[in-house]
Amino acid sequence: MYGVWTPEQVRAAEEPVLARTPDGALMRRAARGVAQVALGELERRTGGVSGRRVVVLAGAGNNGGDGLWAGYELRRRGVAVTAVLLSPDRAHPAGLAALRRQKGRVLLRVESGVLAIERADLVLDAVVGTGARGGLRPEAAALADAAATAGVPVLAVDTPSGVDPLTGVPGEDSVQAAATVTFGARKPVHVLAAPRCGPVTLVDIGIGPELPPPPVRVLEAADVGARWPVPGPGDDKYTQGVVGVAAGSATYPGAAVLASGAAALSTSGMVRYAGSAADEVRAAWPEIVATDTVGEAGRVQAWVVGPGLGTDDAGARTLGDVLDAGLPVLADADAVTLLGTHAELRERARNAPVLITPHAGEFARVAELTDDRVASAQRAAADLGVTVLLKGNATIVAAPDGRTLVHPAGSAWLATAGSGDVLSGVAGALLAAGLDPWWAGGCAAFVHARAADIGAGAADGPGSPVPASFVQQALPRAIREVREAVR
Ligand SMILES: NC(=O)C1=CN([C@@H]2O[C@H](COP(=O)(O)OP(=O)(O)OC[C@H]3O[C@@H](n4cnc5c(N)ncnc54)[C@H](OP(=O)(O)O)[C@@H]3O)[C@@H](O)[C@H]2O)[C@@H](O)CC1
Ligand SMILES: [K+]
């Protein structure tokens with residue numbers, strides 16, 4: 001598990017360290033980190049460093065200072081460095097002087113910068129970092145565009161410029177980085193817009209002890225593996241948690257098959273299905289005990305409700321029955337919509353162990369969604385009194401007590417029909433096994449995303465589209481992987 005801090009928190013943590021260290025020391029540490037990663041990229045991509053060409057796009061603030069100092073370090077290693085100054089009058093004076101001392105080339109015009117980029121092996125994006133406001137301005141946009149067109153990889157300094165460091169939302173023009181080097185702490189952009197950042201290297205600049213507890217956490221495979229429920233010698237099928245799935249309809253039997261099958265693959269023990277797709281579920285999964293209604297289902301330890309349920313009165317009744325059972329509940333899809341339209345159902349869910357798993361459209365039916373998806377999920381969790389898992393390329397899980405995690409999906413293969421049904425089955429099974437909603441959501445999101453990559457073949461190559469049933473089938477391998485990470 002690792003933490004993510006807001007730019008504001010990082011700035012506050014830097015202050016005391018800046019005050020007790022010599023002028024410029026922090027920036028020099030940061031710049032050495034950038035240079036080291038840049039040298040590694042050059043070596044890996046071109047087989048050497050000496051004489052290789054690096055262009056630094058240097059903005060007006062300290063991010064530009066990092067870039068200029070990194071250019072100085074690279075010059076010392078024999079790299080041909082050209083800096084393009086985006087605001088020549090405000091370029092970091094010490095960084096610029098250092099680069100000049102080492103005979104780095106300095107350009108003031110965008111046109112000459114574009115020409116230099118076309119011949120470069122690597123571009124350092126030091127346009128703007130945590131002080132960013134909005135997308136790239138036209139001159140920086142033209143330079144970023146030149147790098148993209150020429151296929152020159154960009155190493156982002158701290159954050160990919162033009163992407164909001166707090167929300168990860170890209171402006172109209174923004175940098176697509178091949179890799180990113182950040183300092184002191186990971187920031188939200190690195191997990192909310194991971195595909196924009198590429199692999200992120202964290203450089204220690206000594207501010208760690210000054211940081212508060214992280215407002216956002218990211219689970220790693222071992223965290224998930226350590227919590228994944230597995231049977232012990234004293235367990236039987238009941239003691240491990242029986243999950244009930246109230247999903248699917250005559251129109252959407254597939255949702256029932258995907259959700260209940262995913263539950264059966266996620267934990268040992270037992271799955272009960274209740275709904276109008278009982279025949280289809282039984283045919284696909286003979287081990288699942290299927291009945292027509294929630295009332296007939298028998299004892300369970302948690303309910304999954306919603307996928308393919310329908311939003312009519314019958315759906316609302318089923319959701320009400322499930323909430324009244326007083327057990328942990330995973331409410332997805334139509335169940336989220338019903339919570340949006342029925343205030344009395346929202347009241348029954350409040351402060352109960354409920355995990356809702358909306359995508360953006362469903363989320364907007366129960367709470368306000370802004371560009372700041374993390375804050376939106378946190379507010380919704382606090383206001384509704386339930387744990388909220390907001391789906392998206394980066395999935396956010398926020399508990400009413402404020403605990404928040406982000407799962408940064410590496411790929412977008414999960415954006416496929418039925419994939420949410422699979423997630424709901426996994427998370428429901430974890431609730432039945434006794435995980436609290438926040439952990440159930442976090443662990444389910446992790447394994448679900450991994451199963452998508454496995455199903456897509458993205459672990460061994462570029463991958464190919466993966467239907468939800470393949471994601472479901474890849475769950476066992478994804479679970480074995482997280483369990484192996486514990487050892
Ligand atoms: N403190 C330290 O010692 C350390 C700090 N560190 C580094 O400092 C960075 C933070 O530096 P910072 O606070 O100076 O802000 P920064 O990100 O450079 O941006 C502000 C400048 O950018 C401009 N600008 C704004 N938006 C823009 C846009 N869309 N497109 C283009 N330009 C835009 C804005 O100009 P203005 O709006 O005034 O015209 C202003 O001049 C941090 O990310 C890390 O890299 C590390 O070295 C560790 C030690
Ligand atoms: K940057």
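## Ligand 1 shell

Helix α3 contributes the most to the shell around ligand 1, with 4 residues; helices here are DSSP runs of H or I with at least four residues, strands are runs of E with at least two, and both are numbered from the N terminus. At least two shell residues come from each of α1 (7-20), α2 (25-46) and α3 (62-76). The shell has 27 residues, the closest being G61, N62, N63, G129 and G131; a residue is near the molecule if its C-beta atom, placed from the backbone, lies within 6 Å of it.

By class, 13 shell residues are nonpolar, 9 polar and 5 charged. Ala, Val, Leu, Ile, Met, Phe, Trp, Tyr, Cys and Pro count as nonpolar, Asp, Glu, Lys and Arg as charged, and the others, Gly among them, as polar.

## Model and numbering

This is a predicted model, in which local features need pLDDT of at least 70 and side-chain atom pairs count only at pLDDT 80 or more, while totals for chains, interfaces and linings use all residues. Residues are numbered from 1 along each chain as its sequence is written, with chains lettered from A and ligands numbered from 1 in the order in which they are written.

## Overall fold

The protein has 20 helices and 18 strands. Its radius of gyration, taken over C-alpha atoms, is 25 Å, close to the 23 Å from the globule rule for 487 residues, so the protein is as compact as a globular protein of that length. The rule is 2.2 Å times the number of residues to the power 0.38. The C-alpha trace spans about 80 × 45 × 40 Å along its principal axes.
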